Amino acid sequence: MAYIPDLSPETYNKYEDNAYTYLAVGWLGGEVRGKGDTAPEILYALLGAKKNNKLSDGWFGNHTCEICNTYDDHDEFFVPDGSTMYILPNMVSHYIQSHGYRLPEVVERALLNGEKQDQSVKPVVAGTY
Ligand SMILES: [Zn+2]
């Protein structure tokens, strides 16, 4: 998995130049930078976004977690925040649940706000995935 610093405009896949600003979040590579506890409601909102806001990375292989080498995932998803779109790897939920990674605060806030605005994003039980 590529390492990209959080909130970098250099996303893993390139997106069309339009009204949105795309920022990469959660591309850890082989090291957890920014550890901390994640509140359950943020994790639920994140899993909802992962389920509802899928983006294909156009590649059918899996990426293996470089931290534990025992978990595979692929593709990415977005978290909208006004005119900003945070682009996260699907593996970010594994980073949070297994390796103590914590999202930047702006992304946590966007997840909480998004859940209030968009009722189609329903809480899901961790472990369904
Ligand atoms: Zn892992």
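View 1. Of the contacts in the protein with a separation of 6 or more, 65% are accounted for by residues 24 or more positions apart, where two residues are in contact if their C-beta atoms, placed from the backbone, lie within 7 Å. The model is a predicted one, in which local features need pLDDT of at least 70 and side-chain atom pairs count only at pLDDT 80 or more, whereas totals for chains, interfaces and linings use all residues. Residues are numbered from 1 along each chain as its sequence is written. The protein has three helices and eight strands, which follow one another from the N terminus as β-β-β-α-β-β-β-β-β-α-α; helices (H or I, at least four residues) and strands (E, at least two) are DSSP runs, numbered from the N terminus. Of the 129 residues, 24% are buried, a residue being buried if 20 or more other C-beta atoms lie within 10 Å of its own, exposed if 12 or fewer, and partly exposed in between.

View 2. Four strands form an open sheet in the order S2-S8-S7-S4, with mixed pairing. S2 and S4 stand at the edges with a single partner strand each, so one side of each is left without a neighbour in the sheet. Two strands pair if DSSP finds at least two bridges between them. Strand S4 (residues 54–55) pairs with S7 in the antiparallel sense over two bridges, and Lys54 has Phe77 of S7 as its bridge partner.

View 3. Phe78 has Ile87 of S8 as its bridge partner, while Val79 is partnered by Tyr86 in S8. Two residues lie between the strands of this hairpin, where Gly82 takes a positive phi near 65 degrees.

**View 4. The largest nonpolar core.** A nonpolar core is a set of buried Ala, Val, Leu, Ile, Met, Phe, Trp, Tyr and Cys residues joined through C-beta atoms within 7 Å. The largest such core has 24 residues, of which Val25, Val79, Tyr86, Ile87, Val107 and Leu111 touch the most other members. At least two residues of this core are supplied by each of S2 (21–24), S3 (27–28), H1 (40–52), S7 (76–81), S8 (84–89), H2 (92–99) and H3 (105–117), and H1 gives the largest share, four residues. Leaving aside neighbours within four places in sequence, Val25 is in contact with Asp6, Leu7, Tyr86, Ile87, Leu88, Leu103, Pro104 and Val107.

View 5. Tyr22, which lies in strand S2, counts as partly exposed because it has 19 C-beta neighbours inside 10 Å. Beyond its neighbours within four places in sequence, Tyr22 is in contact with Pro9, Thr11, Tyr15, Met85 and Ile87. Between Tyr22 and Ser8, which are 14 residues apart along the chain, the C-alpha atoms are separated by 8.4 Å.

**View 6. The buried side of helix H2.** The buried residues of H2 are Val92, Ser93, Tyr95 and Ile96. They lie on the same side of H2 because they cover an arc of only 165 degrees around the axis, the arc being that of the directions from the helix axis to the C-beta atoms. Among the elements that cover the buried residues of H2 are S3, H1 and S8. Just after H2, Gly100 takes a positive phi of about 70 degrees.
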